[in-house]
Amino acid sequence: MRVDVVSIFPDYLAPLGLSLVGKAAASGVLDVRVHHLRDFTHDKHRSVDDTPVGGGAGMVMRPEPWDEALRTVAPEGARLIVPTPAGRPFTQALAAELAAEPRLVFACGRYEGIDQRVVDSARERMPVDEVSIGDYVLAGGEVAVLVMVEAVARLLPGVLGNPDSLVEESHVDGLLEYPVYTKPAVWESREVPPVLLSGHHANIVRWRRDESLRRTARNRPDLLDRLPASSFDDRDLSI
Ligand code: SAM
């Protein structure tokens, strides 16, 4: 997969060279290129922002450099992702959808965001998603891109050491994952739940399912509300 990121703070994207994403890039599964938006300006001050039309606080990113940048780095066949708190939510399902794309381009906004005409114009030549990573406002799109690229990269074939890790985890089947433990069996007088040491596979599966349901009900009841009745068995319903 090829990923291009356009930003006025390319250094902010340096963590894409580390850890799992960095290894994916080193192994050739992922090709990440970061571009400086100011390289697409032509005035003395390399300006990328101007005052909002209609008044109001802050500055808005100018359309000209953005349009030139996107026409340069986003060829036919690419999918453009524009991080914005006003976008559709970024979810595991969207991460899986993006992981199937050959080429993603991310446009990192700053200030009050990018002139909307850039997004509308790009939409005429490629698929465009305005995406939010949560209901809060960051200072720029770079952190959102780090979040999204990491979530996508770990889904690419060959990136995780054990692909089974992707099967049983939060947000895959609509539930949160059960609590996990490692050795020692007793740590500071706290025991690992005995069922996990029993070797009884069916009981372990059942315990994990129960804990997953309890944790989801406690932390994210909205997720349970969204699941169809067919997702639950008789034993689930007694929890
Ligand atoms: N004026 C915008 C609004 O109220 O919707 C907020 C602009 S924000 C200060 C600047 C940039 O940060 C945005 O253009 C976007 O790139 C990024 N950003 C902020 N919060 C975000 C979020 N929750 N998800 C994705 N990107 C975000």
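Predicted model: local features only at pLDDT ≥ 70, side-chain atom pairs only at ≥ 80, totals over all residues.

Colleague: Okay, how many helices and strands are in the chain?

Modeller: The chain has eight helices and nine strands. The radius of gyration of the chain is 22 Å, while the globule rule gives 18 Å for 239 residues, so the chain is more spread out than a compact globule.

Colleague: And what does the C-alpha trace span along its principal axes?

Modeller: About 70 × 40 × 40 Å.

Colleague: What percentage of the residues count as buried?

Modeller: Of the 239 residues, 27% are counted as buried. As for contacts, take those with a separation of 6 or more: 75% of them are between residues 24 or more positions apart.

Colleague: Which domains does the assignment give?

Modeller: Domain 1 covers 2-153, and domain 2 covers 169-237. Their centres, taken over C-alpha atoms, are 36 Å apart.

Colleague: What feature does UniProt place at residues 1-225?

Modeller: An unreviewed UniProt entry has "domain: tRNA methyltransferase TRMD/TRM10-type" there, at residues 1-225. That span is 32% helix and 18% strand, and its end C-alpha atoms lie 35 Å apart.

Colleague: Switching topic: which residues come nearest the ligand?

Modeller: There are 19 residues around the ligand, and Pro83, Gly109, Leu138, Gly141 and Ala144 come nearest.

Colleague: Which strand gives the largest share of that shell?

Modeller: Strand E5, residues 79-89, with four residues. By class, the shell has 10 nonpolar, seven polar and two charged residues.

Colleague: Which residues does UniProt list for "binding site"?

Modeller: The unreviewed UniProt entry lists Gly109, Ile133, Gly134, Asp135, Tyr136, Val137 and Leu138.

Colleague: Let's pick one. Where is aspartate 135?

Modeller: Aspartate 135 is in the loop between strand E7 (128-132) and helix H5 (142-153). Tyrosine 136 is found in the loop between E7 and H5 too.

Colleague: Why does aspartate 135 count as exposed?

Modeller: Because aspartate 135 has 7 other C-beta atoms within 10 Å, and a residue is exposed if that count is 12 or fewer. Tyrosine 136 is exposed as well, with 7 other C-beta atoms within 10 Å.

Colleague: Got it. What about histidine 42, is that buried or exposed?

Modeller: Histidine 42 is exposed, since there are 9 other C-beta atoms within 10 Å. You'll find histidine 42 in the loop between strand E2 (31-36) and strand E3 (49-50). Its C-alpha atom is 9.7 Å from the one in glutamate 64, which is 22 residues away along the chain.

Colleague: Which residues does proline 63 touch?

Modeller: Leaving out residues up to four places away in sequence, proline 63 touches Asp115, Arg117 and Val118. Take arginine 117: proline 63 is 54 residues from it in sequence, yet the C-alpha atoms are 7.0 Å apart in space.

Colleague: Now the backbone. Which residues have a positive phi value though they are other than glycine?

Modeller: Serine 19 is one of them, with phi near 50 degrees. Tyrosine 111 is another, with phi near 55 degrees.

Colleague: Where's serine 19?

Modeller: Serine 19 is in helix H1, residues 19-26. It's exposed, with 11 other C-beta atoms within 10 Å.

Colleague: And where is tyrosine 111?

Modeller: Tyrosine 111 is in the loop between strand E6 (103-107) and helix H4 (116-123). It has 17 C-beta neighbours inside 10 Å, so it counts as partly exposed.

Colleague: Last one: which peptide bond is cis, with omega near 5 degrees?

Modeller: The one from lysine 183 to proline 184. Proline 184 is in the loop between H5 and strand E8 (186-187).

Colleague: Great, thanks!

Methods
Residues numbered from 1 in each chain as written. Helix = DSSP H or I, 4+ residues; strand = E, 2+ residues; numbered from the N terminus. Buried ≥ 20, exposed ≤ 12 C-beta atoms within 10 Å, placed from the backbone. Rg over C-alpha atoms; globule rule 2.2 N^0.38 Å. Contact = placed C-beta atoms within 7 Å. Near = placed C-beta within 6 Å. Nonpolar A, V, L, I, M, F, W, Y, C, P; charged D, E, K, R; others polar. UniProt positions renumbered as here; feature names shortened; annotations may be inferred. Domains from an automatic or database assignment.
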